[in-house]
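Let us walk through this model together, one chain at a time.

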Amino acid sequence: MTEKKTLKRFASVFLASSLIVGALAGCSSNEGTSSTGGSSSSAGESSDVIKIGANLELSGAVASYGSSIKDGAELAIEEINAAGGIDGKQIEFVPVDNKSESAEATNAAIKLATQDKVTAMIAPATSGNAIATAQIANQYKIPTVTASGTAPNVTENEDGTINDFVFRTCFIDPFQGIVAANFASNELEAKNVAIYADNASDYAKGLAASFKEQIEANGGTVVAEEAYVADDTDFKSTLTRIKSANPDFIFIPGYYEEVGLIVKQARELGIEAPLMGADGWDSPTLVELAGAEALNNTFITNHYSSEDPEETIQGFVEAFNAKFSESPNAFHALGYDTVFFIKDAIERAGSTDGEAIQKALAETENLSLITGTFSVDEKHNPVKSATVLEYVDGVQEFNSKVNP
Amino acid sequence: MEWIQQLVNGISLGSIYALIALGYTMVYGIIKLINFAHGDVFMLGAFIGFYAIARWEIGFFPALIIAMALCAIIGVVIERVAYKRLRNATRIAALITAIGVSLLIENVVIYFRGASPEAYPEVLPETSINILGVNISSISILILAVTIVLMILLQFIVHKTKIGKAMRAVSLDPDAARLMGINVDNTISATFAIGSALAGAAGVIFGVYYTRIEPLMGVLPGLKAFIAAVFGGIGSIPGAMVGGLSLGVVETVVSALGFSLWRDAAAFVILILILILKPSGIFGKNTREKV
């Protein structure tokens with residue numbers, strides 16, 4: 001090889017890599033400006049304003065969760081401000097993008113606490129990112145509420161201590177397992193059940209464990225207990241095994257990407273039994289993957305249903321529809337509720353002092369919101385009802401409400 | 001009945017592995033390169049088929065043919081751009097380039113359309129045929145039929161046509177083949193074209209059968225197909241078919257016994273055992289069949 005040729009090749013490799021680096025740098029600088037753009041609106045300091053920060057997944061892997069919560073929260077703040085604000089003070093919303101990464105979530109929490117000096121924060125949508133902000137919340141004594149972080153260890157540490165300043169608007173994972181088990185025993189009269197859980201997620205394992213405990217307490221038998229790993233595509237062999245155990249109900253906690261395929265393949269194998277999952281199923285992609293017909297006779301537990309006939313819920317659905325021209329999903333509703341949860345506490349505390357609000361949040365009782373009426377228990381978890389939805393020809397239909 | 005059902009499941013899975021494994025084995029046979037970008041050509045095939053069906057609203061067979069044709073072109077381009085200039089370089093250099101091409105393809109696709117999965121539209125009427133308690137979906141029968149037809153076609157090309165003869169000659173000895181007047185470069189390109197077309201076909205079949213496609217979907221099936229090719233004897237075409245089908249059945253049996261979490265591990269244990277006990281694979285001795 002001649003030297004000239006080597007040089008040429010080196011030059012082309014260098015050029016290519018610098019192009020790639022340039023492109024990457026371009027991406028990150030864009031994101032940088034968008035997040036600072038959000039905070040720059042909060043420059044004008046004034047005591048007539050209550051600042052509520054939101055540390056959310058606005059880009060990255062689970063951007064749809066974070067953006068939904070942001071939309072819901074914005075609607076709530078708009079309504080509160082239009083009605084005169086909290087004790088005469090307007091709410092200023094300070095959203096920050098954590099890029100769906102836990103390190104960024106911590107950074108965003110520090111920024112909200114130290115630069116923006118917010119009164120309260122909405123914590124990230126996923127449990128892992130929400131946990132990453134807990135320490136900052138405790139350290140700066142800023143009441144922090146996650147709308148949708150359902151893992152128990154968001155509010156309760158492994159050693160049993162409670163994160164004083166961290167709360168949530170959603171119910172916790174084990175509760176959904178219990179609701180599903182009771183629904184199977186009472187409504188569907190299932191005796192022999194199978195469990196097919198995602199082995200790679202704590203969420204699914206937690207649900208499977210609480211479901212199993214409750215169904216056995218109800219007198220049911222678990223005839224098959226199988227697991228899959230995320231990103232699998234072929235579930236037929238395990239489903240055939242489950243089919244031969246002849247269950248009359250199958251519980252499948254997991255996320256829609258795999259569940260869609262599991263439901264499709266189960267029906268192809270002639271499994272007619274009702275299938276049930278939890279809020280991890282809730283995505284339009286599920287219907288595309290499984291097909292509307294295969295999804296008949298499947299149920300999920302969820303935080304709320306836009307089909308719920310209750311008046312307040314229909315009012316919310318209408319208002320949301322008018323602003324965003326789409327039907328609100330559970331994340332929208334939880335984001336909306338989170339703001340009202342914080343507002344209620346600030347009003348009862350009568351001040352914007354972090355510790356006073358924290359105390360008020362912990363003492364919340366019978367607060368009526370879109371996703372249910374709840375009281376906060378000693379572990380900072382709301383005790384509230386869950387909604388059971390049924391898929392009918394690819395559309396979620398309200399089935400029933402289950403109280404804890 | 002459960003076991004017959006499991007066998008049907010295994011053969012459906014295995015025929016996809018076999019189609020991908022053929023491309024690995026053909027390329028290895030001719031230039032001794034493990035083309036790690038092959039799994040990503042499979043992914044591209046799935047996406048080409050998806051866009052053809054969803055955007056242009058054409059049927060399964062036209063989409064299959066478009067995906068195969070475009071993948072053949074992509075395969076040739078990859079070979080001409082990335083591998084041709086490395087033909088006399090060390091094998092490790094070519095191997096690392098293959099991994100680089102693989103990452104490049106994955107990330108270019110993610111860059112342009114994001115990493116979220118896509119659901120294949122229903123192009124084929126879905127009915128389950130119940131034979132003695134065994135449910136066989138019409139799609140799996142069709143897939144098996146398409147796979148068998150493609151394999152027969154491949155055997156025909158390799159053994160009965162001029163280009164097939166050239167491929168076998170180049171595989172035996174490229175220098176001697178060149179002396180005999182065979183255009184070695186074109187023959188290698190043809191091998192890449194055929195192998196990539198098969199991967200493209202496997203991609204469309206995978207999409208129709210399993211519904212979910214995403215930019216990183218080629219990684220694991222690609223590795224499994226590589227195991228299948230080694231299992232059957234890398235470089236051997238019948239070996240790739242037998243290896244693919246066996247691997248599909250083995251994985252299914254492992255799940256059927258209740259060890260579903262060990263399924264991927266079982267495939268890699270097979271790879272390790274084969275490499276220790278019989279590195280040439282089941283059909284490895286059959287050097288005259290090499291392509």
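Two residues are taken to be in contact if their C-beta atoms, placed from the backbone, lie within 7 Å. By that rule, residues 24 or more positions apart account for 76% of the contacts in chain B with a separation of 6 or more. Please keep in mind that this is a predicted model, in which local features need pLDDT of at least 70 and side-chain atom pairs count only at pLDDT 80 or more, while totals for chains, interfaces and linings use all residues. Residues are numbered from 1 along each chain as its sequence is written, with chains lettered from A and ligands numbered from 1 in the order in which they are written.

Chain B has a radius of gyration of 19 Å (taken over C-alpha atoms). This agrees with the value near 19 Å that a compact globule of 291 residues would have, the rule being 2.2 Å times the number of residues to the power 0.38. Its C-alpha trace spans about 60 × 45 × 35 Å along the principal axes. The secondary structure of chain B comes to 11 helices and 4 strands; helices (H or I, at least four residues) and strands (E, at least two) are DSSP runs, numbered from the N terminus.

An unreviewed UniProt entry annotates "transmembrane region" at several stretches of chain B, including 6–26 and 188–210. Such positions are given in the numbering used here, feature names are shortened, and annotations may be inferred rather than shown by experiment. Residues 6–26 of chain B are 100% helix, with end C-alpha atoms 30 Å apart. Residues 188–210 of chain B are also 100% helix, and their end C-alpha atoms are 32 Å apart.

Where do the chains meet? Here, 21 residues of chain B are in contact with 24 residues of chain A. On the chain B side, helix H1 (2–31), strand S2 (128–131), strand S3 (134–137) and helix H10 (237–256) each supply at least two residues. H1(B) gives the most, with 5 residues.

Now turn to chain A, where 7 strands form an open sheet of mixed pairing in the order S7-S6-S8-S9-S10-S14-S15; strands pair if DSSP finds at least two bridges between them. Strands S7 (221–228) and S15 (395–402) of chain A stand at the edges, each with a single partner strand, so one side of each is left without a neighbour in the sheet. S7(A) pairs with strand S6 (residues 192–198) of chain A in the parallel sense over 7 bridges. Within this pairing, Tyr196(A) has Glu226(A) in S7(A) as its bridge partner.
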